[in-house]
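Here is a short report on charged pairs and selected residues. Please look over the model before reading on.

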Amino acid sequence: MANEEDFQLRIHQLEKEVARLHSQIKKQRYGLVWLDVPEAFDVESENKIPILEEVKEKAIRSDDGKPTHILIEGDNYHALSCLNYTHRGKIDVIYIDPPYNTGSDGFTYKDKRILTEFPDGTPVPKEHPLRHSYWLSFMSKRLELAKNLLSDKGMIFISIDDNEQANLKLLCDKVFGEDNFTNQFIWKRNSSGKTEVDKFTVNTEYVILYKKTNQCILNNAYKPLSDNSLKLYKFNDGDGRGKYQTVSLQKPKDPGPETSYDYIDNSGKIWKCPPKGWRMVYSKIKDLENDNRLILTGSTLRVKDYWNERKSEGKRLDTMWNDLPENTAGTSQLNDLFMGDIVFYNPKPIELINRCLQIGYSNSIILDFFAGSGTTMHAVMKLNEEDGGKRQCILVQQKEGDNNICENITYERNRRVMQGYTNAKGEQVAGLGNSMKYYKTSFVGKNTSNNATDADRVELSLKAGYLLALGENTLEEIKTHKSYQIFSDENGHFTAVYFTGDLNDFHDFVEEIEKLQADASAKIVVYIFCWGSVDIYENEFDNMRGITLKSIPQPILDIYKSINA
């Protein structure tokens with residue numbers, strides 16, 4: 001009898017799903033239509049609320065003024081949910097290299113309709129009837145979450161091959177808008193004739209580019225870096241303009257009255273006119289001095305020539321990227337970091353990621369939520385080193401089995417890039433510096449955000465500290481108490497979190513914030529657990545400057561509800 005009831009219930013569920021799909025198809029006029037398959041997650045996360053927890057022993061801190069990068073271990077759907085709270089509208093550039101769904105690349109989809117318990121992770125074979133529907137269901141949810149993260153000037157680059165290129169283009173038209181399609185670049189990934197399909201050699205892949213809005217500013221020129229030319233640019237003042245060489249301001253020939261003068265700098269020092277005069281008029285040199293571009297030492301004036309500003313030597317980008325290293329270069333770059341050991345197959349070369357970053361912005365937040373071996377963070381640090389940029393990178397990579405790719409490869413690769421390593425030849429390679437924080441996705445409560453109880457809200461508040469600190473980019477925990485946490489950054493900004501409804505320690509909490517106020521420039525964001533408006537606590541901070549009050553946990557739940565809808 002019970003089996004008959006289960007059977008009838010199953011039929012009823014399938015009828016409802018057919019009706020839903022029929023309704024969806026009737027509404028769809030033109031575009032991509034597929035069987036939207038619900039995705040199963042493990043039991044721990046299925047009916048709970050996602051948060052982030054720091055793995056403190058993996059933190060890397062370098063007091064070198066360079067960015068602190070973020071690595072998140074966990075399923076990228078849950079990580080993107082958390083980032084929708086911390087970084088909504090803040091990401092400038094996204095680069096992802098998702099599974100290509102070749103039938104042999106290990107892409108796995110957990111079909112919630114069919115599986116009654118956590119699946120064993122069997123890859124989707126090429127002949128599976130739902131192969132493309134699984135992939136599109138998987139990608140659409142993640143791209144929707146990613147779109148929320150992009151700033152109005154943001155852009156997203158996606159690597160793909162022929163297996164899903166056509167579907168991805170239509171999916172991105174749906175998610176980002178057809179008008180926001182910018183370009184599809186063709187990358188020559190190999191020169192080998194070994195990879196053949198029906199006797200045609202396949203040696204290219206694609207990088208699809210979409211912008212968030214028309215506010216996106218694309219740099220369609222890039223500067224090819226050669227070892228010989230870059231060696232001349234050996235100075236860096238840390239002013240964000242990158243490396244420079246110094247160039248004489250003496251005119252090489254043909255002196256004229258408009259450039260024949262003695263120059264008086266802002267300190268009153270007189271620079272005698274060179275025999276053939278200066279290269280520019282007096283007011284122009286004064287503008288250069290006021291912009292901190294003059295070298296006011298030595299026997300004659302010299303000017304800083306920044307590598308970044310050498311537009312005349314830049315090349316215009318086209319859509320054929322056959323000037324970049326091929327895929328074997330990415331493998332060699334990674335193997336070299338692990339003393340020749342093969343730890344990951346087919347990582348993208350650093351130069352491919354750098355090409356995408358050069359189209360973007362020099363001071364920006366970069367996200368890669370299919371991090372793999374961590375090439376994107378490596379590329380960000382390398383490009384920052386070359387051009388003086390301040391890009392911050394956020395990576396997301398799941399554990400993927402007992403080997404834990406995130407910990408043993410993604411993290412370890414970038415730790416070595418930061419701190420130095422021994423290469424495959426046994427040579428010591430100096431580190432690039434930078435800092436890194438390591439987080440894991442975790443879960444609280446017994447219900448989803450849509451159905452959160454008061455008990456769920458209390459637990460979320462107790463565990464939300466690292467999520468809040470990441471959202472404020474104040475990543476150093478400087479005070480830990482049973483009722484509150486305080487975080488800081490290197491610029492005198494603080495995040496203070498009172499995470500419990502028990503107010504016995506609230507007076508101490510306020511006193512701690514008063515201590516931070518000793519620095520008149522300090523900016524402090526204060527989060528307080530409350531059931532209603534946080535305004536009831538305003539009088540506690542009446543005599544303090546630079547305080548911003550925010551409540552928890554409801555704003556977190558509201559964001560989660562909006563993405564679940």
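## A pair at Asp291

Asp291 is partly exposed, because its relative accessibility is 34%. This is a predicted model. Asp291 forms a salt bridge with Arg293, with the closest N and O atoms 2.5 Å apart. Arg293 has a relative accessible area of 14%, so Arg293 is buried.

The structure holds 29 salt bridges. Side chains of opposite charge can pair when their charged atoms come close.

Arg142 sits in helix 4 (residues 131–149), and Glu39 sits in the loop between helix 1 (2–27) and helix 2 (43–46). This pair links distant parts of the chain, 103 residues apart. Both Arg142 and Glu39 are buried.

Lys348 forms a salt bridge with Asp97, and the closest N and O atoms are 3.0 Å apart. The two are 251 residues apart. Lys348 lies in the loop between helix 8 (327–337) and helix 9 (350–359), while Asp97 lies in the loop between strand 3 (91–96) and helix 4. Lys348 is buried at 6% relative accessible area, whereas Asp97 is partly exposed at 22%.

A network of salt bridges links Glu54, Arg61, Asp63, Lys437 and Glu476.

## Surface charge

Asp535, Glu538, Glu540 and Asp542 form a patch of negative charge on the surface. Asp542 belongs to the loop between strand 25 (523–529) and strand 26 (547–552). Its relative accessible area is 57%, so Asp542 is exposed.

Lys286 is in helix 7 (residues 282–290). Lys286 is buried, at 18% relative accessibility. Thr376 is in helix 10 (residues 375–387). Thr376 is buried too, at 1%.

Technical notes. Residues numbered from 1 in each chain as written. Predicted model: local features only at pLDDT ≥ 70, side-chain atom pairs only at ≥ 80, totals over all residues. Heavy atoms only, no water. Helix = DSSP H or I, 4+ residues; strand = E, 2+ residues; numbered from the N terminus. Buried < 20%, exposed > 50% of the residue type's maximum accessible area, 1.4 Å probe, protein only. Patch = residues over 30% accessible without salt bridge, like charges linked within 9 Å, V, L, I, M, F, W, Y side chains within 5 Å. Areas by Shrake-Rupley, 256 points an atom, 1.4 Å probe, with all protein chains shown as cover. Salt bridge = Lys/Arg side-chain N within 4 Å of Asp/Glu carboxyl O. Lys, Arg positive; Asp, Glu negative; His and termini not counted. Charge placed at Lys NZ, Arg CZ, Asp CG, Glu CD.
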